[in-house]
Amino acid sequence: MKILYATSEAVPFCKTGGLADVAGSLPSALAAEGAEVAVVLPLYRRVRERFGSQLTFLCYDYVNLGWRHVYCGLFSLEKDGVTWYFLDNEQYFDRPDLYGYMDDGERFGFFSRAVVRMLDHLKFWPDVINCNDWQTALVPIYLKDDGVREERFRSIRTTLTVHNIEYQGRYNPYVLGDLFGLDAGWVEDGTLLMDGDLNLLKGAILCADAVNAVSPTYANELKMAYFAHRMESVMRQCEYKLYGVLNGIDMDRYDPKKDPSIAVSFSAEDMAGKDVCKAHLQRLMGLREEPHVPIVAIVSRLVSHKGLDLICEVLHDMMKLPMQLVVLGKGDKKYEEFFHWAAQQYPGRMAVRLDYNEELSMAIYAGADLFLMPSKSEPCGLSQMIAMRYGTVPIVRETGGLKDTVHPYEAWRDAGNGFTFANYASNDMLHVIREAVFLYKDFPDAFSRLRKRAMACDFSWARSAGEYLRIYASVTGQVWPVPEAAPVEETPAAEAVPEETSSEASSPAEEAPAPAETVEEVRPFEEPAPAPETVQETVPAEETVKKAPARRTAKKAVPAEEAAPAKTSAPAAEPKKRGRKPGSKNTAKKAAGETKKKGTAAKEK
Ligand code: GLC
């Protein structure tokens, strides 16, 4: 199975949020399960600066988008069994930040178009392209657009992962042709139209072969107006192809036993190090060094859907409890100002850092006792899983992935791995914070058993990767997991295949599964592949078979000259000077009038 994962951010290259963590770990987990995986990312300035020397320039091509004919360089890097591709266009991506520019629509329209355009130059022709959020939402649309003209694009299946439905990529429909190079029909038939806006995410939800939310609960919530940011009816319409697969975390990276970034290592069997980490955190943040007072921590973007209003409402009541409070994060001004002010009211008991700081966040996960996440909505949430891994017991509201990962403490049968509350109400939150603080203070043994249960949870990617692969299998009609090769029988064929075996039961795959490497060439099963537990409805068998992809020999990266589109004004006149290194500031001189906007990557090799 060949998967191309298209994303606008990924750890360790570039990160603004949880999408980067997922894109940084899921691809290698898929590869570990036996899939062939490549990831494609924009070549941002920060990637060029930090990883430029490790990148290999492969080729360049031009992307036609509306009236633009734009340069696109292709670089690659191999890592953990995954090929990472970077699409280069300095005009769009050589900027200090990833997002937040007035031309973001044009930038990611270019990126999505370029993903499809550059398929010819990748090491394989994908069976599935997994897009993520609005930034890559146009990929399924462009594939359909190209598929009208060229058969080969029709073989590619698409899946869309929704990490947060709040961000949809909304524009004035007026820019459809100019910015995105699409025909008015896409808006007129409603595919890309929502509340009078051009809505990229809506188009992808409708056009992708499967839509995946990042937790089972979030997949359900997306059908409700409260959570769906006006997309509930679209989600309900697409319920038949909606899945919910819980994200994982990198269990190796986040391991208190071997994490070099924390003060002292520790494990569920030997928690002595955790006390040292706590004292270290108290010193670091200017809190009183009180070993028996629980530290409640918040590490979060300071934005409304994280449930911070609940904290603002009852902060003073919280601070009446025998606890300390640590807050790390930045975001909306009103929360920043509130926390800054509040910390001054409780010197030595409350500490706030208005910052995004990986190192400090690790000191907090390792040193705190309780981790507060009262989110109004939380598609998955990774922090609660990381906190649990470090023995910091979560207090969460029951929404999205928080509900799927944190199970409430039940004293009577000593069960659960955290504390939860259901209603978005500050007193309900206060009630469970009180319960948690007093369990810590008055019943240390019960608290330490609870902590151990939290630390024992398995949030590894292997489980989720299996579910992703089953989704990919169901949309492509391929068999997954690939059956083990059957031992070659010495017995005569007549004995091996009973006479009653009808022709329908003797599809090649069932008769004698081919060895793993060749099985992809075998015609898919008549039955759709087993669906994940969270599947709402499976794709009908006939459809699955109909959609079976046409196989195509993996195409090698072709020299630029071969691949250059007809419109390129002077391809032959631009010979070897294509070997470009990232990190260069030089602007390649192109034939005048060739393009109005283009990447200015490149120094000659
Ligand atoms: C978004 C969501 C978060 C999720 C992450 C990764 O950032 O807000 O809940 O964990 O994506 O999918």
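## Overall make-up

Of the 605 residues in the protein, 58% are buried, where buried means under 20% relative accessible area, exposed over 50%, and partly exposed in between, using a 1.4 Å probe and protein chains only. The structure is a predicted model in which local features need pLDDT of at least 70, side-chain atom pairs count only at pLDDT 80 or more, and totals for chains, interfaces and linings use all residues. Residues are numbered from 1 along each chain as its sequence is written, and side-chain values use heavy atoms, with hydrogens and water left out.

The secondary structure comes to 24 helices and 18 strands; these are DSSP runs numbered from the N terminus, with helices (H or I) of at least four residues and strands (E) of at least two. Among contacts between residues at least 6 apart in sequence, 73% join residues at least 24 apart, a contact being heavy atoms within 4.5 Å. The protein exposes about 25100 Å², and carbon and sulfur atoms supply 52% of this area. Accessible areas come from the Shrake-Rupley method with a 1.4 Å probe, and for residues only the protein chains shown count as cover.

## Surroundings of the ligand

The residues around the ligand are G18, L19, V22, H163, N164, V214, N247, E378, P379, C380, G381 and L382. A residue is near a molecule if one of its heavy atoms lies within 4 Å of it. By class, this shell holds six nonpolar, five polar and one charged residues. Ala, Val, Leu, Ile, Met, Phe, Trp, Tyr, Cys and Pro count as nonpolar, Asp, Glu, Lys and Arg as charged, and the others, Gly among them, as polar.

The side chain of H163 has an N or O atom 2.7 Å from an oxygen atom of the ligand, and the side chain of E378 has one at 2.6 Å from a ligand oxygen. C380 takes part through its backbone, with an N or O atom 3.0 Å from an oxygen atom of the ligand. On its own the ligand has 310 Å² of accessible area, and the protein covers 91% of that.

## Salt bridges

Side chains of opposite charge can pair when their charged atoms come close. A search of the whole structure finds 36 salt bridges, each a side-chain nitrogen of Lys or Arg within 4 Å of a carboxyl oxygen of Asp or Glu. One of them joins D88 to R48, with the closest N and O atoms 2.6 Å apart. This pair links distant parts of the chain, 40 residues apart: D88 lies in strand β5 (residues 82-88) and R48 in helix α2 (residues 45-51). Both D88 and R48 are buried.

D80 pairs with K79, their closest N and O atoms being 3.4 Å apart. D80 counts as exposed because its relative accessibility is 55%, while K79, at 26%, is partly exposed. E410 and R413 form another salt bridge, at 3.0 Å between the closest N and O atoms. E410 is partly exposed at 25% relative accessibility, and R413 is partly exposed at 48%. Elsewhere, salt bridges that share partners join D61, R117, D120, E150 and R152 into one network.

## A loop residue

D255 is found in the loop between β12 (242-244) and α12 (272-285). Its relative accessible area is 11%, so D255 is buried. Leaving out residues up to four places away in sequence, D255 touches R389 and Y390.

How values were computed. A polar contact is a pair of N or O atoms within 3.5 Å; within protein, one must be able to donate a hydrogen and the other to accept it, and residues adjacent in sequence count only if both atoms are side-chain atoms.
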